[in-house]
Amino acid sequence: MRLYHAPASPFVRKVMVLLHEADAVDRVTLIPASGNPLDPGTLPVDRNPLGKIPALERPDGPTLYDSRVITRYLDDLLDARLYPAAPHLWDTLTLEATGDGIAEAAVLMRYEAHVRPEATRSPAWIEAQWSKIARSLAALEERWQSHLAGPLDMGQIAVGCALGYLDFRHADRDWRATHPALAAWHAAFADRPAMRATAPDA
Ligand code: BEZ
């Protein structure tokens, strides 16, 4: 299998963490891919019409994209058991969507501040994206702590990768100051070998 990859992407990182947790990193060849909404660069537009990574080429079927499709596929293929059976599945998927939503808003903030031409940048739009993140962090702090403390699943991995991206690209926002329980959880989670091996500046 071939995975279109950029180490800074929190969505690629989710896939890589799954592969590490399943001891299956050697099952994929990493294909470097980079670009942005204004310039697709080497992003696999012929494999994913949305031009987004991760995208996973399979020997026995069409290329898969987005990260949630790829992680469900690999979880099934590798019997990684990072998605529990229903009814717990619905919580895992909702937590994964929360982590992915934080990561998506954080990536859009990065594009707005660094890719969009300076004259057309919107500070109000950036703050609207941060509002989504702030509400999600509050939900994680107040409502998701018992799930985060439970058995490893893809929801936790998505949240761990999203918080790692906040540290990587938006450290000035200091999310830990107002979310002590989430900060304590993340400190332990980020120490997992799979998370250390995939840290964006590793
Ligand atoms: C980044 O450099 O922040 C980045 C790279 C690829 C995908 C998303 C974000």
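The model is predicted, so local features need a pLDDT of at least 70 and side-chain atom pairs count only at pLDDT 80 or more, while totals for chains, interfaces and linings use all residues. Residues are numbered from 1 along each chain as its sequence is written, and side-chain values use heavy atoms, with hydrogens and water left out.

Ala8, Ser9, Val107, Tyr165 and Arg169 surround the ligand, where a residue is near a molecule if one of its heavy atoms lies within 4 Å of it. This shell divides into 3 nonpolar residues, 1 polar and 1 charged; Ala, Val, Leu, Ile, Met, Phe, Trp, Tyr, Cys and Pro count as nonpolar, Asp, Glu, Lys and Arg as charged, and the others, Gly among them, as polar. In Tyr165, a polar side-chain atom lies 2.6 Å from an oxygen atom of the ligand, and an N or O atom in the side chain of Arg169 is 2.8 Å from a ligand oxygen (a polar contact is a pair of N or O atoms within 3.5 Å). On its own the ligand exposes 260 Å², of which the protein buries 80% (accessible areas come from the Shrake-Rupley method with a 1.4 Å probe).

Next come the strands, which like the helices are DSSP runs numbered from the N terminus (helices are H or I with at least four residues, strands are E with at least two). Two strands pair if DSSP finds at least two bridges between them. Strand E1 (residues 2-5) runs antiparallel to strand E3 (residues 55-58), and 3 bridges join them; Leu3 has Leu56 of E3 as its bridge partner. E3 is also joined by 2 bridges to strand E4 (residues 61-64), again in an antiparallel arrangement, with Arg58 partnered by Gly61 of E4. E3 and E4 form a hairpin that has 2 residues between them.

The Ile53 to Pro54 peptide bond is cis, with omega near 0°, and Pro54 belongs to the loop between strand E2 (29-32) and E3. The bond from Ala86 to Pro87 is cis too, with omega near 10°; Pro87 lies between helix H2 (67-78) and helix H3 (88-114), in the loop. Asp23, a residue other than glycine, has a positive phi near 55°, and is found in the loop between helix H1 (10-21) and E2.

Key
Polar contact = N/O pair within 3.5 Å; in protein donor to acceptor, adjacent residues only side chain to side chain.
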